[in-house]
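Subject: Structure handover

Hello,

Here is the structure I said I would pass on. My notes on what was found in it follow below.

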Amino acid sequence: MDSIVVKLALPALLALAISTAPAAAVEQNCRFIQAKPEREACYKRQEDELAAKRKPAAPAGDGTTLETLRQMRQDDEAVYRSINNICRGC
């Protein structure tokens, strides 16, 4: 049992370490740039990249959402009409 856990945990930890290393490396690169304008430009690029990553994706299906709501409303109306036609207590 322990060997299975080790076999699965080791690759997972390795993948995690590899995926986090490039992000840390990008941050470190700007710190060691000596020229102030270049360093500030590097920080500006980093901010732009982070803003682009954090920006939520625009919903692609605005038109489809409205169409889906219309279809649901039509279906509901059809159900209500069929319920009203049921004879209660005949």
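Helices here are DSSP runs of H or I with at least four residues, and strands are runs of E with at least two. By that count, the chain has three helices and zero strands. In sequence order the pattern is α-α-α. Please keep in mind that this is a predicted model.

The chain has 90 residues, of which 3% are buried. Its exposed surface comes to about 8,400 Å², with 62% of that supplied by carbon and sulfur atoms.

Salt bridges. Searching the whole structure gives three of them.

In one, the side chain of lysine 36 meets that of glutamate 40, with an N to O distance of 3.9 Å. That pair counts because the cut-off for a salt bridge is 4 Å. Lysine 36 is exposed, at a relative accessible area of 51%, while glutamate 40 is partly exposed at 44%.

Aspartate 48 is partly exposed, with a relative accessible area of 42%, and lysine 44 is partly exposed with 46%.

The remaining salt bridge is between glutamate 67 and arginine 70, whose closest N and O atoms are 3.5 Å apart. Both residues are in helix α3, with a spacing of three residues, or about one helical turn. Glutamate 67 is partly exposed at 43% relative accessibility, and arginine 70 is partly exposed at 46%.

Nonpolar patch. Which residues make the nonpolar surface patch of about 390 Å²? They are Val79, Tyr80, Ile83 and Ile86. Valine 79 belongs to helix α3, which runs over residues 62-84. With a relative accessible area of 44%, valine 79 is partly exposed. Valine 79 can therefore be a patch member, since patches take residues with over 30% relative accessible area.

Regards

Notes: Residues numbered from 1 in each chain as written. Predicted model: local features only at pLDDT ≥ 70, side-chain atom pairs only at ≥ 80, totals over all residues. Heavy atoms only, no water. Patch = residues over 30% accessible without salt bridge, like charges linked within 9 Å, V, L, I, M, F, W, Y side chains within 5 Å. Areas by Shrake-Rupley, 256 points an atom, 1.4 Å probe, with all protein chains shown as cover. Buried < 20%, exposed > 50% of the residue type's maximum accessible area, 1.4 Å probe, protein only.
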